[in-house]
Amino acid sequence: MITEGNIIKIAGPVIVADGMRGTQMYEMVRVGSSKLIGEIIELEGDTATIQVYEETAGLKPGEKVESTGGPLSVELGPGIMGSIFDGIQRPLEVIKAISGSFIERGVNVPSINKEKKWTFQTKAKVGDSVKGGDVIGEVQETSAVLQKIMVPPKIEGKILSIVSNGEYTVEEDIAEIETNDGVKKVQMLQKWPVRKGRPYKEKLDPDVPLISGQRTQDTFFPVAKGGSAAIPGPFGSGKTVTQQQLAKWADADIIVYVGCGERGNEMTEVLLDFPELEDPKTGNPLMDRTVLIANTSNMPVAAREACVYTGITIAEYFRDQGYDVALMADSTSRWAEAMREISGRLEEMPGEEGYPAYLASRLAQFYERAGRVTTIGSEDKFSSVSIVGAVSPPGGDLSEPVTQNTLRICKVFWALDASLADKRHFPSINWLQSYSLYVDSVENWWAENTENDWRATRDEAMVLLQKESELQEIVQLVGPDALPDSEQITLETTRMIREDFLQQNAYDDVDTYCSPLKQYQMLKTIISFQKEGVAALGRGIESKNIIAIPIKEEIGRMKYVHENDFPTKIKEIQEGIVKQLGDLN
Amino acid sequence: MNADIKTKEYTTVTEVAGPLMIVEGVEGVAYSEIVEIETPNGEHRRGQVLEVENDRAVVQVFEGTTDLNTKTTKTRFTGETAKIGVSVDMMGRIFDGTGKPIDGGPDIIPEMELDINGAPMNPSAREFPAEFIQTGISTIDGMNTLVRGQKLPIFSGSGLPHNDLAAQIARQAKVRAAEDTDFAVIFAAMGITHEEANFFMKDFERTGALERVTVFMNLADDPSIERILTPKMALTTAEYLAFEKDMHVLVILTDLTNYCEALREVSAARNEVPGRRGYPGYMYTDLSGIYERAGRIRGKEGSITQMPILVMPQDDITHPIPDLTGYITEGQIVLSRELYRKGIYPPVDVLPSLSRLMSGGIGNERTREDHSGVSDQLYSAYAEGRNLRDLVAVVGEEALTPRDQSFLKFADEFEKQFMTQAKDEDRTIEETLDLGWKLLSLLPKSELKRVKEEHIPKYLP
């Protein structure tokens with residue numbers, strides 16, 4: 001039923017309309033003569049409070065508000081991949097064609113192309129019993145993504161008819177299913193309300209790491225497929241580069257990148273870079289597996305509140321097809337601030353630092369949409385949504401509410417450190433503050449894919465780094481010469497771990513991605529320097545001679561050695577360490 | 001639309017408080033529209049609708065609410081959002097903070113009327129900025145490279161020479177592929193003193209740049225609420241010159257701190273729930289409405305490069321104004337009081353400074369192949385040298401290893417030779433990079449891990 005009311009109050013992105021009895025919470029509405037998109041966020045008697053997803057300048061009391069009968073939803077189906085959408089899933093390329101280089105108000109465009117015909121491969125036949133989540137067809141959407149066309153959740157029955165292989169638009173009927181509730185027509189296009197998680201059968205424990213080729217994250221603070229990670233850091237500490245590196249190299253099937261209240265040029269950079277870059281696994285352009293949601297900081301604030309939901313719903317849709325999906329949200333603080341702004345306009349009683357009291361529960365609900373699951377449908381598919389959320393704490397102060405509430409939920413914490421960034425130590429992830437609760441669960445994977453002593457090597461390096469921070473305190477007081485020889489070797493080793501392993505150059509063609517095996521061997525080599533060094537000390541060699549062995553320079557450059565040449569090179573280096581230390585006798 | 005509603009005058013002001021005034025009994029008032037106000041003694045002012053509920057409108061008065069009363073103040077709702085008439089004739093002219101000419105010249109005959117709030121640039125229409133601007137200042141060109149279409153603020157403190165630096169950049173900035181495109185400078189002053197404004201005006205005059213400069217001037221003794229309009233006026237003009245007239249526009253905004261103070265004033269008057277330190281919760285959104293109006297558009301010749309200046313209260317970079325700015329802008333140039341005290345000009349502290357768009361603007365064909373390596377190496381060496389200074393203070397220089405002593409020496413020479421330059425010294429990027437190599441030669445060769453191996457024999461003196 002369509003309800004029509006009238007605007008009575010306008011204050012920034014929030015308006016109040018009366019005559020709205022009969023509308024529902026979170027129902028989508030069209031506001032004013034330019035039919036701006038809005039969403040009902042509060043109902044009281046006849047009046048509804050509405051957040052408007054577009055600039056409200058020029059609206060007047062008395063203008064009409066029309067309800068649409070449904071909640072804010074996204075359209076799911078072929079035509080999503082490789083696109084860039086705004087916060088409420090309007091394709092920015094299409095908006096550009098209509099309104100030029102600047103985004104005008106009230107542009108009404110379909111989320112996905114309704115005219116384009118897709119080559120549909122039938123995967124079911126008449127008489128099959130199917131239920132929600134079952135695959136009845138496939139569309140090769142991009143070189144990297146084969147979209148599985150699924151029976152929408154909640155539909156269950158026998159296929160009465162299904163189209164043969166051929167070209168269809170997303171709105172054409174492709175199948176008829178006889179259910180207890182009558183015959184349902186199914187199209188490739190599905191709609192799903194953004195604020196509601198898509199159903200799954202069961203949540204599983206994540207035990208496979210999401211490998212991104214970033215040494216600090218993969219080796220020391222791994223995130224599992226289906227896990228969630230937070231990257232808090234002050235500005236300039238490299239959040240965005242870290243996020244983009246993950247989006248580029250993470251071994252997920254689908255990447256959803258949500259630019260939430262961030263810089264326009266960053267989205268442009270992604271649009272420019274990703275089509276050029278190749279997926280290290282498949283060789284396909286990275287853009288082919290990527291969906292971008294962009295609500296830049298100067299786009300309407302209410303759409304910023306919605307954009308993370310739009311992103312996660314798209315991610316879940318691909319998860320349901322059986323894919324591993326990784327969602328990057330940069331930055332969740334802007335999302336929280338959007339909530340705060342709307343809450344302030346509603347004159348709600350503020351919680352900590354002006355954020356609404358429901359901040360913690362909203363954050364938790366969002367991160368809980370991550371997970372490794374068994375999908376719905378007759379056949380069990382295992383798939384996952386991983387979430388990596390950047391947090392921008394004001395003044396870099398991690399005690400602020402968004403960071404704290406995020407850390408309560410996320411199992412991985414990559415703490416970006418401004419002082420490391422100042423020294424151009426990138427990624428500036430502080431190895432003493434960061435943690436990952438997935439180390440135990442991914443240990444088996446690493447043992448299978450590298451060597452059995454992966455865990456021991458990693459832990460040993462961590463212990464050394466911890467030790468270094470203690471030794472540094474002593475050095476600050478009494479100078480480096482006062483340390484015993486064995487500690488000198490430790491300090492040299494940790495310097496190598498920091499400079500030659502942890503530091504990784506995102507802009508170097510080789511170093512930008514480091515395979516798990518290379519990571520393991522690099523770390524193993526550095527640790528072996530420490531072991532051999534201590535052994536040499538035992539033979540009576542002075543630490544300053546050990547530290548001065550020339551092979552050190554090669555260790556310093558091993559990260560730039562191409563994956564193909566690496567096995568030979570690393571052998572040379574390992575032998576070199578033993579030989580050069582042996583020669584000191 | 002009913003014409004008489006639009007032009008109807010109201011004398012129904014019911015409340016005046018701080019910069020706000022409430023008018024009741026109004027009809028057909030649009031959110032954000034501009035209001036013309038006639039004070040009881042016949043003076044004309046302008047305001048903007050901040051909130052409208054039924055027949056009650058909250059209006060913010062730009063020129064201040066002094067002299068307004070609740071009896072005879074006349075208000076007229078114009079039915080239009082704030083607009084500015086733009087034309088190329090604006091170059092070489094001086095306007096007040098609301099866009100009225102104050103240089104005694106004729107009124108501008110506008111070619112177009114543009115909404116000063118602009119519209120967000122479509123990210124898929126943007127061109128990624130990658131064109132190197134040589135400012136002639138080593139710490140910027142070499143280590144925090146500015147590119148066309150970037151927004152790079154100067155974070156300063158009171159008493160530091162940010163104005164000299166900004167003027168020097170405006171004077172020296174050039175693009176190396178010397179194709180002859182038009183450039184323009186837009187200078188928007190918000191709440192700065194006459195003296196500061198004069199400094200810039202004299203500098204523009206002295207260098208003959210004045211005819212390419214458009215000035216929007218809201219000085220310290222002008223109404224503070226007017227400042228809320230000033231940057232928007234300036235950027236709307238910049239968008240017109242850049243994207244309609246194909247010019248490369250450099251916009252200098254100073255001082256953003258005063259702008260934010262004005263925002264806070266309005267917010268407080270409206271009894272809004274305050275965010276950090278009393279600044280409104282929407283300050284991030286508001287500031288990005290300014291900063292994000294820098295950039296380039298695919299298929300268009302022109303560009304908008306922004307250099308906002310802001311004085312950090314108590315030199316505190318975590319204060320909400322620099323903090324939110326840093327999250328939006330593409331880097332920051334941070335001036336340091338400590339360096340300035342040592343007599344270093346420009347006192348750019350490279351360690352907290354950053355240019356996010358640097359990597360796209362440098363390297364082969366843009367600057368020189370060794371640029372990124374040299375920059376990284378200078379950064380880490382200087383950071384290490386500075387760390388060692390603390391250690392020396394405790395254990396004395398003799399206790400250091402020869403390696404550490406070389407880093408210490410490097411840091412001193414870096415400050416003396418690389419950072420320090422004269423106010424009219426315009427170094428080419430080659431001079432800057434060669435100077436960098438000369439300083440790196442103070443370090444043991446094996447420490448040069450950040451530069452490419454093949455560049456060492458080629459460039460190291």
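Biologist: Is Val348(B) buried or exposed?

Modeller: This is a predicted model, and Val348(B) belongs to the loop between helix H9 (337-341) and strand E22 (354-355) of chain B. Beyond its neighbours within four places in sequence, Val348(B) is in contact with several residues, including Thr139(B), Leu165(B) and Met419(B). A residue counts as buried under 20% relative accessible area. Because the relative accessible area of Val348(B) is 0%, Val348(B) is buried.

Biologist: What is the volume of the largest cavity?

Modeller: A search of the whole structure finds four cavities of 30 Å³ or more. The largest cavity has a volume of about 130 Å³.

Biologist: Which residues that line the largest cavity are the closest to its centre?

Modeller: The lining of the largest cavity has eight nonpolar, two polar and four charged residues. Two or more residues of this lining come from each of helix H6 (332-345) of chain A, helix H7 (283-291) of chain B and helix H8 (320-328) of chain B. Of the 14 lining residues, the closest to the centre are Glu337(A), Arg340(A), Pro394(A), Arg276(B) and Leu324(B).

Biologist: How many salt bridges does the rule find across the interface of chain B and chain A?

Modeller: The contact involves 71 residues of chain A and 78 residues of chain B. The two chains bury about 6,300 Å² between them, with 54% of it on carbon and sulfur atoms. Glu453(B) and Arg557(A) form a salt bridge through their side chains, at 3.7 Å from N to O. Across the interface of chain B and chain A, the number of salt bridges found is five.

Technical notes: Residues are numbered from 1 along each chain as its sequence is written. Chains are lettered from A and ligands numbered from 1 in the order in which they are written. This is a predicted model: local features need pLDDT of at least 70, side-chain atom pairs count only at pLDDT 80 or more; totals for chains, interfaces and linings use all residues. Side-chain values use heavy atoms; hydrogens and water are left out. Helices (H or I, at least four residues) and strands (E, at least two) are DSSP runs, numbered from the N terminus. Buried means under 20% relative accessible area, exposed over 50%, partly exposed in between (1.4 Å probe, protein chains only). Contact means heavy atoms within 4.5 Å. On a 1 Å grid over the protein atoms alone, a cavity is a set of points where a 1.4 Å probe fits but cannot get out, and a pocket is an open set with protein on both sides within 12 Å along at least five of seven lines; lining residues have an atom within 4 Å of a point. Grid points are joined across faces, edges and corners, and a volume is the space filled by probe spheres set on the points. Ala, Val, Leu, Ile, Met, Phe, Trp, Tyr, Cys and Pro count as nonpolar, Asp, Glu, Lys and Arg as charged, and the others, Gly among them, as polar. Buried area is the accessible area (1.4 Å probe) that two parts lose on being put together, summed over both. A salt bridge is a side-chain nitrogen of Lys or Arg within 4 Å of a carboxyl oxygen of Asp or Glu.
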